[in-house]
Amino acid sequence: MTIGLPGYGFAQPSTPPLPPPRPDRVEQPAQDQKPPPAAEADKPRSPEQIEADLACIENLGKLGIRFEKRPPVQDNACKIDNPVSVSGFANGVEVSPASLMECRYAEGLSRWIGDVVVPRANEHLQSAPKKLLIGTSYQCRDQRSGTKLSEHAFGNGVDVMGFEFDKRPPLTIKFQAEGSPEAAFQSAIQKDACTIFSTVLGPGADADHGDHLHLDMRARKGDYRICQ
Ligand SMILES: [Zn+2]
């Protein structure tokens, strides 16, 4: 059985979609009367969450990230609370194409580019990255294996296809020739991605990740990470 919605070609039986926020509900309850407990799905974002969202947006500016703020995404069980479309990072690294993601994820990706990719490219390839080539960013779909929604469905993961540089040809993520500078670069940026992301899958992980690095920030119990 399939559900014929665009970008949502699978059955999703359980989690009901959240309704949109209710800006019409602003009346204050009487002083001595508590409001009835709202169902989890009915709760608007708390003041703390809203404050954290705003702080994140402010931080993206401080990090030199080029981005546009976007309205919250809600598509069946897929959602992004605080989405941004990122088109570039500090150090002149362009994001191609501009990609939709959760603000906190954009912070992580910026750290990976600045703290890992730029220095490793300098070290192994004697070049500066100019473009981050993205395959999939936000997409309302299941994980490739399993029935859970992918982190792509929450703007919490991207697939990196490769890079363009100032002084050398583009590098495509794939099995690199053993002992080559490309292999050393790719292996280093993949390994160090595990200090920032909680899921890192690339060539060698399984048949689905032979041509890209999947980097996501899935929250797991005990900060458990998958790095392959
Ligand atoms: Zn992916």
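Among contacts in the chain between residues at least 6 apart in sequence, 56% join residues at least 24 apart; a contact here means heavy atoms within 4.5 Å. The model is a predicted one, in which local features need pLDDT of at least 70 and side-chain atom pairs count only at pLDDT 80 or more, while totals for chains, interfaces and linings use all residues. Residues are numbered from 1 along each chain as its sequence is written, and side-chain values use heavy atoms, with hydrogens and water left out.

The chain has 228 residues, and 39% of them are buried. Buried means under 20% relative accessible area, exposed means over 50%, and partly exposed lies in between (1.4 Å probe, protein chains only). Three helices and 11 strands are present; these are DSSP runs numbered from the N terminus, with helices (H or I) of at least four residues and strands (E) of at least two. Read from the N terminus, their order is α-β-β-β-β-β-α-β-β-β-α-β-β-β.

The helices come next. Two packed helices are described by the angle between their axes and the distance between the axes. Axes are lines fitted to C-alpha atoms, for helices over the stretch in contact, and angles run from 0 to 180 degrees between N-to-C directions. The axes of helix α1 (residues 47-62) and α2 cross at roughly 30° and come within 9 Å. That angle makes α1 roughly parallel to α2; under 35 degrees counts as roughly parallel, over 145 as roughly antiparallel, 65 to 115 as roughly perpendicular and the rest as oblique. Cys56, Ile57, Asn59 and Leu60 of α1 meet Cys103, Arg104, Ala106 and Glu107 of α2. By class, five residues of this contact of α1 with α2 are nonpolar, one is polar and two are charged. Ala, Val, Leu, Ile, Met, Phe, Trp, Tyr, Cys and Pro count as nonpolar, Asp, Glu, Lys and Arg as charged, and the others, Gly among them, as polar.

Helix α2 (residues 103-125) also packs against helix α3 (residues 181-193), at an angle of about 160° and with the axes 9 Å apart. That makes α2 roughly antiparallel to α3. The residues of α2 that meet α3 include Trp112, Val116 and Arg120, and their partners in α3 include Phe185, Ile189 and Asp192. The contact of α2 with α3 has 11 nonpolar, one polar and three charged residues.

The model also holds a zinc ion, whose protein donors are His152 (NE2), Asp159 (OD) and His214 (ND1), lying 2.0 to 2.1 Å from it. Donors are N, O and S atoms within 2.8 Å of the metal (3.2 Å for Na, K and Ca), and water is not among the atoms, so sites may look incomplete. Along the chain, the donors of the zinc ion follow the spacing H-x6-D-x54-H. Aspartate 159 lies in strand β7 (residues 157-165) and histidine 214 in strand β10 (residues 213-216), so the pair ties together parts that are 55 residues apart in sequence. Both aspartate 159 and histidine 214 are buried.

Some backbone details remain. Most residues other than glycine have a negative phi, and most peptide bonds are trans. Serine 96 and proline 97 are joined by a cis peptide bond, with omega about -10°, and proline 97 lies in strand β5 (residues 93-102). Asparagine 76 has a positive phi, near 50°, and lies in the loop between β2 (73-75) and β3 (78-80). Asparagine 76 is partly exposed, with a relative accessible area of 27%.
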